[in-house]
Amino acid sequence: MKYSGIGGQAVIEGIMMKNGDDYATAVRKPDGEIAVQKDRYVSMTEKVKFFSLPFVRGIFSFADSLILGMKTLTFSASFFEDDEDEGEPGKLELFLDRVFGEKLEKVLMGAVMAFSVVMAVVIFMIVPLLLANFLRTFISSETLMAFIEGLIRLGIFIGYVLLVSRMEEIHRTFMYHGAEHKCINCVEHGMELNVENVRKSSRFHKRCGTSFLIFVMLISILLFMVIRVDTLWLRIVSRIVLIPVIAGVSYELLRLAGRSDGGLINLISKPGLWTQGLTTKEPDDSMIEVAIAAVEAVFDWRAYLAENFPENGAKEKAV
């Protein structure tokens, strides 16, 4: 495997692929046609030098992924909005439009992102702590308590994924997620980007966001085993305050895993790859076609193969 620099995410009936500052979103429209939108997004880590420092860039890269994710999800959803007349706008809609005007969409997007982050912190950081706290009457070891809290956190995450995967729309999104990984694996393993080669490529990839979340949970266990405070409210504060630290370390591990194929890195990547068995599914050929369209809009895979796998071209000529 050779690092390509491309990454992406699944959206509604489609895939976004990013290469440098360029990104493209490909969506399979209801009529079967593939719509591709290409644009540029300059990361916060490029705009501010401090944000690009190791262990700092992780939190801002995560914020970038949230912003870009919302933009591409909004684009993909636009093809599946109800065309029926929704009637006159309500009083709240008129008020918001009058206050924010053309900025309304950005304001709503920001509000949704903020709400999502707050809920994620509550569900995956605070709730596990509160649930584990009920066991303090029976367990005196702080190390064991941190471990139990981590297991509860992991259990909530896996349970959430299993629950939402039962929804047809989410299941299809997980299939597109698999198509995204298979496309990247295809080119990073030196194969031409076509449906046949993508189909036989792996749907698991070490740079996946799922692996990032698993790193976050595992590192939080280790960190909270070391950092101990006496009262419940201070433990709650510590979980919130240390999120940037955990995210920063997790990002560096994910970044290292995506660029290395060593034995130790492959070993610590295993939990994330196992969890991808839940968040990725095998795609059908029509989904693979969408993924290929997204890749080709931002990435010259032929030039990449010629530079990184010249032996493959030599073999083809010999044949």
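Helices here are DSSP runs of H or I with at least four residues, and they are numbered from the N terminus. I am keeping that handy, and I am also noting that this is a predicted model.

**Entry 1: two loops**

I looked up F55 and found it in the loop between α1 (44-47) and α2 (57-77). Its phi is near 70°, a positive value in a residue other than glycine. F55 is exposed, with a relative accessible area of 52%.

Next I went to E13, in the loop between β1 (6-11) and β2 (14-19). Phi is positive for E13 too, near 50°. Is E13 buried or exposed? I found that E13 counts as buried, at 18% relative accessibility.

**Entry 2: helix α4**

I followed α4 through residues 104-133, which makes 30 residues. From first C-alpha to last, α4 reaches 42 Å, close to the expected 44 Å. Where does α4 kink? I found a kink of about 35° at I126, shortly before the proline P128. Both I126 and P128 are on my list of buried residues of α4, which also includes L104, M113, F124 and L129.

**Entry 3: cysteines**

How many disulfides does the structure hold? I found 0. To see why, I checked sulfur distances, remembering that a disulfide needs two cysteine sulfur atoms within 2.5 Å. The sulfur of C186 has its closest cysteine sulfur in C183, 6.8 Å away, so it is too far for a bond. For C208 the closest cysteine sulfur is also in C183, but at 15 Å, again too far. C186 is buried at 0% relative accessible area, and C208 counts as buried at 5%.

Key
Residues numbered from 1 in each chain as written. Predicted model: local features only at pLDDT ≥ 70, side-chain atom pairs only at ≥ 80, totals over all residues. Heavy atoms only, no water. Expected span 1.5 Å × (residues − 1). Bend = angle between axes of the 7 residues up to and from the residue. Buried < 20%, exposed > 50% of the residue type's maximum accessible area, 1.4 Å probe, protein only.
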